[in-house]
Amino acid sequence: MLTTVKDAAAARRAVLATVKERKVRWVRLAFVDVLGIQKSVSIPANELEDAFNGKVTFDGGSIDGFVRGEEIDMVLRPDPATFVVLPWVEHDQVEARILCDIAMPDGTPFEGCSRTTLKRVLEDAGDVLQAVQAALEIEFYLYELAPDGTPTTRTTDAGSYFDFSANDRGQEARLDMSGALEAMGIPISSAHHEHGAGQHELDLAASGVLTMADRLLTVRGVVRRIAQRHGLHATFMPKPLEESAGSGLHIYFALGDIDEAVRLHAIAGLLEHAPGFTAICNPTVNSYKRLVAAWDAPVYTVWSHRSANALVRVPQAFGDEPPLLEVRSPDASSNPYLAMAVLVEALADGIRTRSLPGDPFTGSTYELGDRYRAEHGIRQLPKSLRQAIAALDEDVVIRGALGDHIYHAFRDAKLAEYERYRKAVHPWEREAYLRTF
Amino acid sequence: MHEENVAPARPLRRDRSETLLAYAEALARVAASGGGAQALAAHLAAAIDAAVLVEDAQWRHLAVAGTGERATPPSVRDLLPKDADGDEAVPLATPADSHARAFPIRAGEARLGWISVFPTGSRILEDRAGLIRLTAAQIAVELSRDAGGGRGRRRGFWDRLLARAYEDPLEAKEDAQARGIALAPGYVAVAVEGDGLDETVAAQKNAEIRRVCLDTLGTRTGDVVVVERGGGFFFLVPAPLEVDAANARTAATLIPRGVQRSGLDVKIVGGVGRHAEMLHVAQSVDEAREAMIIARRMFGGGRVMPYDDLGVYPLLHRTGATREDWRAFATRVLDPLRAYDEKHQTELVRTLKLFFDVGQNIKEAAALLNVHRHTVFYRLRQIGEIGRLDLDSPHDQLTVRAALAVDALDG
């Protein structure tokens, strides 16, 4: 305990020294709401020490999923490990960013804090998952901006998977993004063009799960910002165009040096809880336009070594490295902390209950017949946000991971979103019915 | 009476009738104390200075005793003369122990099992044979009483099912229901034995093996049924769906790890039968037993092998495999590759055939196929994945070559 306190104090001192050395003028205290949208409060750098001492508060009643309708001050608790000086300087003022946990005024952790929730889940999973790490493949589109600066879905890029085009503005932007992220201490293991015109992918090398959730939050912000500088709009929207590939967030888990049986249990946990965690990992109505039988998006609770459209893929390991588990259904519209939390909980539950996942599947899952699926216990992932919320309601393990506060806040927000979508009249409907009826 | 057959603690050494009478009284006291077959066997072992093994008619271990100085085989099932019947003791075919005898345990006309004795010294004398018969009679009483109880009634159902005594699934279901058994629509049988068990600790080790197996095979689909046979176990794992069968197979292959983790110094061998409907679970049991034998003989034991993964070996092991059996085997091996070829216009079966025709020479196969050798490697990898074969394994190579040969011979 004493060591931890000493370590924390040393980390804070190191951050304050960096602030001084790099002449940081402003520090952005960042956190996320229950939907994973990044919020921040900027403070002068000389007030960072006060922030470390829990003296920066904000009105929790104004944040989605916190305590709406009530005026309640909440405390930001900056995590020194997440401090980073932003690699761009605007108005000659050096700015830094630090991610925060949220606490109640009395100092107790706030149950609605997504980052704290992930920490809790990781701690709880420590009985069966001691050395879990995550790596990411993040897909996104870069589109042209209209003359008035609003985003379009146009792209001059006609590239496809792994294409190389020296004159491509998207590629230039992607290189800048990679450089900026590396400068912020986020190692990029690869970056390349994806299937869709204007679609790109950044791959993040493995790190601790909490760190990876922090990094995903950072990546989303940096990618959008750098794109803007290139006159482009970056979107992580799961399915911007019907006729193009959707953008996913493939999450790889390295479970360390574990028994092969334990790995099978972990896979089974993912398959078992997949319908339940889909609402969290695919949280928008648009997410379900991607989860269809096309473009290798997963639609069934299947695992495989090679099938590109399996929900969980266990690719052949390199050399003596233990195999990774790739979860292919999530998308980057999810709250990184909650997505990681529910996936870790699913892994841990599979190990605790010593579930087994059935045999690995070979081939394309899109051709699975009803009878085969029934015999092999294969379920379809929810087809809509509404179905996903219903599946979440039924999964007590995933709900337990989220905690009551986040579960209800998330559920309320998403049901409201779904109702707005349900009531909206979409262009397709006018096209299909206006002249017919 | 020969002194070398008399242990110091031996209870009775007067004339024969007194000896028998006193022994019968002592035996009745042991039975009355509720110790069951194990206590009765221990009493006998001490009285005659021999190791004693008691098995029921299905070769389940009921008791092992007196093994401090003498070992017993896991079962006398294969040591009995083929025509062993009647009330008399029969010599056991153990070259190392010409004095070993098995005595039937009878209740009326029915034989409930065998009590086998392995004397420490010389042959079993006539007065000792009397003590053994008395013990057998008392054990028969115990077994008959057990059979009337709930446990016995439940065991009776599984015995009948495994003896293929039911022809109608409805009859089996009704009988099971009457005995308080919840049946699953299908089962997977798993056979497990400790290999080369030191007989002095066999009973204790077997109890541990049983515990580890049940722990590993534990399922959400119902209770695993345990059947003890001939020094080993059969576990009937409920498997309503194919996925449950797949999980049972996987779990079974994990048993040796579980045994290792539990610190048991035992080498395990076992086999897993195929998924069978409830009425045909005996078929799965036969396959599990066969898979266990093959795992021991062809793979050196130390593992639990699914019947489905044994390729050509079950056919080679089985006496009287028909032409149809061989055809079905070839179809099972080659059909997934043929289906892939048809759907994707590939040449996997042709590649495989050529690969073996040229003695597994990649370069020659590539030349004959007019492709680069990397393409041959790629196709072989595809074949391995689609057919779930390891083409580097001599066992799988034999399986594929046999399937190709059957296919070719059939034209």
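**Entry 1: chain A as a whole**

I count two residues as in contact if their C-beta atoms, placed from the backbone, lie within 7 Å. The structure I examined is a predicted model. I first asked what share of the contacts in chain A with a separation of 6 or more comes from residues 24 or more positions apart. I found that such residues account for 72% of those contacts.

I then looked up the overall dimensions of chain A. Along the principal axes, its C-alpha atoms fill a box of roughly 65 × 55 × 50 Å. For 437 residues, a compact globule would have a radius of gyration near 22 Å, and I noted that chain A agrees, because its own value is 22 Å. Of the 437 residues in chain A, 47% are buried. As for secondary structure, I recorded twelve helices and 14 strands in chain A.

**Entry 2: domains of chain A**

I looked up how chain A is divided. The assignment gives domain 1 (2–103), domain 2 (111–128 + 260–310 + 332–437) and domain 3 (133–254). I noted that domain 2 of chain A is written as three segments.

I next turned to domain 2 and domain 3 of chain A. Their centres, taken over C-alpha atoms, are separated by 23 Å. The contact involves 19 residues of domain 2 of chain A and 22 residues of domain 3 of chain A. Which helices each supply at least two residues of the domain 2 side? I found H3, helix H7 (287–290) and H8 of chain A. H8(A) provides the largest share of that side, with six residues. By class, the domain 2 side that touches domain 3 in chain A holds eleven nonpolar, five polar and three charged residues.

**Entry 3: helix H3 of chain A**

I examined helix H3 (residues 114–124) of chain A in detail. I asked which of its residues are buried. They are Ser114(A), Arg115(A), Thr117(A), Leu118(A), Val121(A) and Leu122(A). Viewed down the axis of H3(A), these buried residues fall within an arc of 160°, so they line one face of the helix. I recalled the general rule here: an α-helix has 3.6 residues a turn, so residues three or four places apart point the same way.

I also looked up what covers the buried residues of H3(A). The cover includes strand E1 (24–32) and strand E6 (94–103) of chain A. It also includes helix H5 (209–229), helix H8 (336–352) and helix H11 (396–423) of chain A.

**Entry 4: two positive phi angles in chain A**

Trp295(A) has a positive phi, near 55°, and is not a glycine. I located Trp295(A) in the loop between H7 and strand E12 (303–304) of chain A. Trp295(A) counts as partly exposed because it has 15 C-beta neighbours inside 10 Å.

Arg354(A) is another residue with a positive phi, about 50°, although it is not a glycine. I placed Arg354(A) in the loop between H8 and helix H9 (370–375) of chain A. Is Arg354(A) buried or partly exposed? With 17 C-beta neighbours inside 10 Å, Arg354(A) counts as partly exposed. For this step I needed the cut-off, under which a residue is buried if 20 or more other C-beta atoms lie within 10 Å of its own.

**Entry 5: the contact between the chains**

I looked up how many residues each chain brings to the contact. Chain A gives eleven residues and chain B gives eleven residues. The side of chain A that touches chain B has three nonpolar, four polar and four charged residues.

**Entry 6: domains of chain B**

Nine residues from domain 2 of chain B and nine residues from domain 3 of chain B make up their contact. On the domain 2 side, helix H4 (150–162) and helix H5 (169–178) of chain B each supply at least two residues. H4(B) gives the most to that side, with three residues. I noted that the domain 2 side has eight nonpolar, no polar and one charged residues.

**Entry 7: a sheet in chain B**

Lastly, I traced an open sheet of five strands in chain B, with the order E2-E1-E5-E4-E3 and antiparallel pairing. Which strands lie at its edges? I found strand E2 (61–65) and strand E3 (90–91) of chain B, each of which pairs on one side only. E3(B) is joined by two bridges to strand E4 (residues 101–107) of chain B, and the two run antiparallel. Across this pairing, Pro91(B) stands opposite Arg101(B) in E4(B).

Technical notes:
Residues are numbered from 1 along each chain as its sequence is written. Chains are lettered from A and ligands numbered from 1 in the order in which they are written. This is a predicted model: local features need pLDDT of at least 70, side-chain atom pairs count only at pLDDT 80 or more; totals for chains, interfaces and linings use all residues. Ala, Val, Leu, Ile, Met, Phe, Trp, Tyr, Cys and Pro count as nonpolar, Asp, Glu, Lys and Arg as charged, and the others, Gly among them, as polar. Helices (H or I, at least four residues) and strands (E, at least two) are DSSP runs, numbered from the N terminus. A residue is buried if 20 or more other C-beta atoms lie within 10 Å of its own, exposed if 12 or fewer, and partly exposed in between; C-beta atoms are placed from the backbone. The arc is that of the directions from the helix axis to the C-beta atoms. The radius of gyration is taken over C-alpha atoms; the globule rule is 2.2 Å times the number of residues to the power 0.38. Two strands pair if DSSP finds at least two bridges between them. Domain bounds come from an automatic or database domain assignment.
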